[in-house]
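This report goes through one protein model, from a single side chain to the sheet, the cores and a helix. The sequence and structure come first.

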Amino acid sequence: MIIVTNRIKVKKGMGAAMAPRFTAPGPLDSSKGIVKVEVLLTQNLSDYDELNVNTYWETQEDFTSWRNSDAFAAAHKRPEPSSTEPPKESPILGSELITYEIAAMKEIAK
């Protein structure tokens, strides 16, 4: 199993508002090999908000297939502005993808 973290810096005050977008129903839900999605909001940052969107995949190949899919492209496409409205500024300041392989894990039974 692998975990892919998309570490996203967003404008201050936007993190909590954006977090549910990553867990809303969509094409990711039916992607081969997806196990779960969790969104973490980093605490105690003063200049920006940071979301860590962790997606858990059965294999690296499953993630790569999702990343190269038309569904991925559609899910990440910004809406086209109407001709009467100025384009909206994105709240995203930057992002970084980090991939982890689970090397060891312990689940605590309660």
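## Asn 52 and its polar contacts

The side chains of Asn 52 and Thr 42 are joined by a polar contact of 3.3 Å. Asn 52 also makes a side-chain polar contact with Arg 7, at 3.4 Å. The model is predicted, and side-chain atom pairs count only at pLDDT 80 or more.

Asn 52 belongs to strand β3, which spans residues 49-57. Its relative accessibility is 11%, so Asn 52 counts as buried, the limit for that class being under 20%. Apart from neighbours within four places in sequence, the residues in contact with Asn 52 are Thr 5, Asn 6, Arg 7, Glu 38, Val 39, Leu 40 and Thr 42.

## The sheet

Four strands form an open sheet in the order β2-β3-β1-β4, and the pairing is antiparallel. Strands β2 (34-41) and β4 (92-101) are at the edges, each pairing on one side only. From one strand to the next, the twist averages 15°.

Strands of a sheet pair through backbone hydrogen bonds, in a parallel or an antiparallel sense. Between β1 (residues 2-10) and β3, the antiparallel pairing runs over 9 bridges.

## Nonpolar cores

Which residues make up the largest nonpolar core? This core has 8 residues in all: Ile 2, Val 4, Leu 28, Ile 34, Trp 57, Phe 63, Trp 66 and Phe 72. Strand β1 and helix α2 (60-67) each supply at least two of its residues. A second, separate core has 6 residues, among them Ile 8, Val 10, Leu 51 and Val 53.

Phe 63 is in contact with Ile 2, Val 4, Trp 57 and Leu 97, leaving aside its neighbours within four places in sequence.

## The buried side of α2

Within α2, Asp 62, Phe 63 and Trp 66 are buried. They lie on the same side of α2 because the arc they cover around the axis is only 95°.

What do the buried residues of α2 pack against? Their partners are β1, β3, α3 (70-75) and β4.

Leu 93 is located in strand β4. Is Leu 93 buried or exposed? With a relative accessibility of 52%, Leu 93 counts as exposed, since that class begins over 50%. Beyond neighbours within four places in sequence, Leu 93 is in contact with Lys 9, Val 10, Lys 11 and Tyr 48. Computed along the sequence, Leu 93 and Ile 8 are 85 residues apart, while their C-alpha atoms are 7.5 Å apart in space.

Ser 46 sits in the loop between β2 and β3. Its relative accessible area is 62%, so Ser 46 is exposed. Ser 46 and Lys 12 are 34 residues apart in sequence, with a C-alpha to C-alpha distance of 7.7 Å.

Conventions: Residues numbered from 1 in each chain as written. Predicted model: local features only at pLDDT ≥ 70, side-chain atom pairs only at ≥ 80, totals over all residues. Heavy atoms only, no water. Buried < 20%, exposed > 50% of the residue type's maximum accessible area, 1.4 Å probe, protein only. Polar contact = N/O pair within 3.5 Å; in protein donor to acceptor, adjacent residues only side chain to side chain. Contact = heavy atoms within 4.5 Å. Pairing = 2+ DSSP bridges. Axes fitted to C-alpha atoms, helices over the stretch in contact; angles between N-to-C directions. Core = buried A, V, L, I, M, F, W, Y, C linked by side-chain atoms within 4.5 Å. Arc of directions from axis to C-beta.
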